[in-house]
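Work through the exercises below with the sequence and the model open. Try each task before reading its solution.

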Amino acid sequence: MDRYTRRGLFKALPSLLRTEDNKKIPNLIRPPYLKEDTDFKQCYSCNGYCVAACEENILFRDENNIPYIEFKHSGCTFCGKCMEACQYGVLSNPDKKRIEAVTTINTDKCLAWNKTMCFSCRDYCIDDAIKFKGLFNPEIISSKCTNCGFCVISCPVKAIEIRGLS
């Protein structure tokens with residue numbers, strides 16, 4: 001019974017969350033244009049042309065060369081350059097102009113939710129997916145949101161978070 005300690009559980013969690021081929025790594029945000037059941041094994045031997053083609057410089061590769069997005073300086077404009085550069089067909093669905101992720105507002109951090117006038121997220125939202133209830137209380141309309149990330153970089157207090165679904 002001693003080997004099933006709380007500390008042991010938390011040490012084991014990272015390995016439990018990975019699949020055998022590292023196809024799914026929690027919270028990494030994958031690029032748009034993915035097909036259903038995308039096989040990232042093609043990325044293992046790729047030279048990263050999609051990363052080089054990204055005009056917004058938000059695309060990176062993990063330890064297995066699988067592309068992921070970081071919204072630190074910009075958002076995704078869905079220009080399609082990464083898809084055009086992908087030589088293995090991993091990014092090959094031109095109709096998938098949506099990033100599979102969940103965007104949320106941390107109401108404890110958000111200036112507007114804390115009664116300070118701020119419309120930064122709404123002003124930068126290219127999808128018109130952020131609506132305010134009155135002057136305060138912004139909400140993300142998930143049916144309109146493409147998870148492009150522009151609201152993330154525009155928020156002065158980092159109250160908007162995007163988590164990948166994989």
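The exercises go from the whole chain to single residues.

This is a predicted model, where local features need pLDDT of at least 70, side-chain atom pairs count only at pLDDT 80 or more, and totals for chains, interfaces and linings use all residues. Residues are numbered from 1 along each chain as its sequence is written, and side-chain values use heavy atoms, with hydrogens and water left out.

**Exercise 1. Describe the secondary structure of the protein chain.**

Step 1. Count the elements: the chain has 5 helices and 6 strands. Helices (H or I, at least four residues) and strands (E, at least two) are DSSP runs, numbered from the N terminus.

Step 2. Read them in order. The pattern is α-α-β-β-α-β-α-β-β-α-β.

Step 3. Turn to burial. Buried means under 20% relative accessible area, exposed over 50%, and partly exposed in between (1.4 Å probe, protein chains only). Of the 166 residues, 39% count as buried.

Step 4. Look at contacts, meaning heavy atoms within 4.5 Å. Among contacts with a separation of 6 or more, 62% join residues 24 or more positions apart.

**Exercise 2. Find the largest nonpolar core and the elements that build it.**

Step 1. A nonpolar core is a set of buried Ala, Val, Leu, Ile, Met, Phe, Trp, Tyr and Cys residues joined through side-chain atoms within 4.5 Å.

Step 2. Locate the core. The largest one has 38 residues, and Ile29, Ile69, Phe71, Val90, Leu91, Ile99 and Ile160 have the most contacts inside it.

Step 3. List the elements that give two or more residues: helix H3 (81-85), strand S3 (101-105), strand S4 (130-133), helix H5 (150-154) and strand S6 (160-164). H5 gives the most, with 3 residues.

Step 4. Zoom in on Val90. Beyond four places in sequence, Val90 is in contact with Tyr33, Leu34, Lys35, Thr38, Asp39, Phe40, Gln42 and Cys43.

**Exercise 3. What lines the largest cavity?**

Step 1. Define the search. On a 1 Å grid over the protein atoms alone, a cavity is a set of points where a 1.4 Å probe fits but cannot get out; lining residues have an atom within 4 Å of a point. Grid points are joined across faces, edges and corners, and a volume is the space filled by probe spheres set on the points.

Step 2. Count: there are 4 cavities of 30 Å³ or more. The largest has a volume of about 110 Å³.

Step 3. Name the lining. It has 15 residues, of which Cys54, Ile58, Cys76, Cys79 and Cys82 are the closest to the cavity centre.

**Exercise 4. Is Thr146 buried or exposed, and what does Thr146 touch?**

Step 1. Check the area. Thr146 has a relative accessible area of 13%, so it is buried.

Step 2. List its contacts beyond four places in sequence: Phe78, Lys97, Arg98, Ile99 and Asp127.

Step 3. Find the polar contact (here, N or O atoms within 3.5 Å, one able to donate a hydrogen and the other to accept it). The side chains of Thr146 and Asp127 are joined by one of 2.5 Å.

**Exercise 5. Where does Ile105 lie, and where does Cys118 lie?**

Step 1. Ile105 is in strand S3. Its relative accessibility is 16%, so Ile105 counts as buried.

Step 2. Cys118 is in the loop between S3 and helix H4 (120-124). Cys118 is buried too, at 15%.

Step 3. Cys118 contacts Leu111, Ala112, Phe132 and Pro156, leaving aside neighbours within four places.

Note on methods:
On a 1 Å grid over the protein atoms alone, a cavity is a set of points where a 1.4 Å probe fits but cannot get out, and a pocket is an open set with protein on both sides within 12 Å along at least five of seven lines; lining residues have an atom within 4 Å of a point.
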